[in-house]
Amino acid sequence: MGLIPHLRIQIPGLRMLLLQAVLLLLVLSSHAQETTTEKSEVLFPLPKGVCAGWMAGIPGHPGHNGTPGRDGRDGAPGEKGEKGDAGFVGPKGEIGVPGFEGPRGFPGDQGRKGEPGENAYVYRSAFSVGLDARVTVPNVPIRFTKIFYNEQNHYDSTTGKFHCNIPGLYYFSYHITVYLKDVKVSLYKKDKAVLFTFDQYQDKDVDQASGSVLLHLGLGDQVWLQVYGDGEHNGLYADNVNDSTFTGFLLYHDTN
């Protein structure tokens, strides 16, 4: 009976010692595990206020991803690659703007002399005639009998008419001395008057009248001068110091 109170007093102390021993074993066991993994894991310091001998807590959740780092430096250029295959031909482009005119080139070498050509035939038809005396007969062809030029004989001095032997364009002109009476003269082609000239005589004076025209003539056409009207208008005159002339010549012949 005397020992029981003593045991009751010692049991609470024993319990405390056992509890401390168990806790110490747990701490040592946890420390041994941390020692074996300290090379592969990072140990975070214990929060302030936690007992050094306290048991480790449950591992936390993984943290969030960090912000992206800065771009690295450019790498060294790589080796030149092989030439690729030729691509397809593209569509034809639009015509460009014409360029500026280039500089003038040097003269070329002189070419060879050509072959001689055929001799060109020259068409000639001309006459120039004048009066020998005063005209007194009206309304008939005036006969110019003073011949200045009539090499082709296309003017007939017996009739006073020019005969066309070469079809083409002709020029005709006349220059008339007027004396004692008025003059009315006309140029005829194929029995039709195509040009008229009138000159009024001035008393005691010698006057002049003239006319000219271009006419196209066909083969066989005739051209002449004659006084028209009555005998009061035939003042054509010629002497050794005054002439009345009639002239005509071919300008160019028809090519057809």
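**The core and the links between distant parts**

Tutor: Of the contacts between residues at least 6 apart in sequence, 70% join residues that are at least 24 apart, where contact means heavy atoms within 4.5 Å. Residues are numbered from 1 along each chain as its sequence is written, and side-chain values use heavy atoms, with hydrogens and water left out. What you see is a predicted model, in which local features need pLDDT of at least 70 and side-chain atom pairs count only at pLDDT 80 or more, whereas totals for chains, interfaces and linings use all residues.

The mean pLDDT (the predictor's confidence in each residue, from 0 to 100) is 81, and 83% of the residues reach 70 or more. Confidence is lowest in helix 1, residues 4-36, with a mean of 64, and highest in strand 4, residues 161-163, at 97. Over residues 36-44 the pLDDT is below 50, and this stretch has one contact beyond near neighbours in sequence. Residues 1-9 also stay under 50, with zero contacts beyond four places in sequence. Where pLDDT is low, the predicted coordinates should not be read in detail.

The protein has one helix and ten strands; these are DSSP runs numbered from the N terminus, with helices being H or I over at least four residues and strands being E over at least two. Of the 256 residues, 24% are buried, where buried means under 20% relative accessible area, exposed means over 50%, and partly exposed lies in between (1.4 Å probe, protein chains only).

Now to the part itself, the largest nonpolar core, which has 30 residues. A nonpolar core is a set of buried Ala, Val, Leu, Ile, Met, Phe, Trp, Tyr and Cys residues joined through side-chain atoms within 4.5 Å. Inside this core, the residues with the most contacts are Ile-142, Phe-172, Leu-187 and Phe-246. At least two core residues each come from strand 1 (126-130), strand 5 (168-189), strand 7 (207-217), strand 8 (222-227) and strand 10 (245-253). Strand 5 gives the largest share, eight residues. Phe-172 shows how such a residue is surrounded: beyond its neighbours within four places in sequence, its contacts include Phe-127, Leu-187, Val-213, Val-223 and Phe-246. In soluble globular proteins, nonpolar side chains tend to be buried together.

In one of them, Lys-146 pairs with Asp-243, with the closest N and O atoms 3.0 Å apart. Because Lys-146 lies in strand 2 and Asp-243 in the loop between strand 9 (234-237) and strand 10, this pair ties together parts that are 97 residues apart in sequence. Both partners are partly exposed, with relative accessible areas of 25% for Lys-146 and 32% for Asp-243.

The side chains of Asp-221 and Lys-190 form a salt bridge too, at 3.9 Å from N to O. Here Asp-221 is in the loop between strand 7 and strand 8, while Lys-190 is in the loop between strand 5 and strand 6 (192-199), 31 residues apart. Asp-221 counts as buried at 10% relative accessibility, whereas Lys-190 is exposed at 53%.

Finally, look at the segment after strand 10, where Asp-254 is found. Its side chain makes a polar contact of 3.0 Å with the side chain of His-216; a polar contact is a pair of N or O atoms within 3.5 Å, of which, within protein, one must be able to donate a hydrogen and the other to accept it, and residues adjacent in sequence count only if both atoms are side-chain atoms. Leaving aside neighbours within four places in sequence, Asp-254 also touches Pro-167 and Gly-168. The C-alpha atoms of Asp-254 and Ile-166 are 8.0 Å apart, although 88 residues separate them along the chain. Asp-254 itself is partly exposed, at 31% relative accessible area.

Methods. A salt bridge is a side-chain nitrogen of Lys or Arg within 4 Å of a carboxyl oxygen of Asp or Glu.
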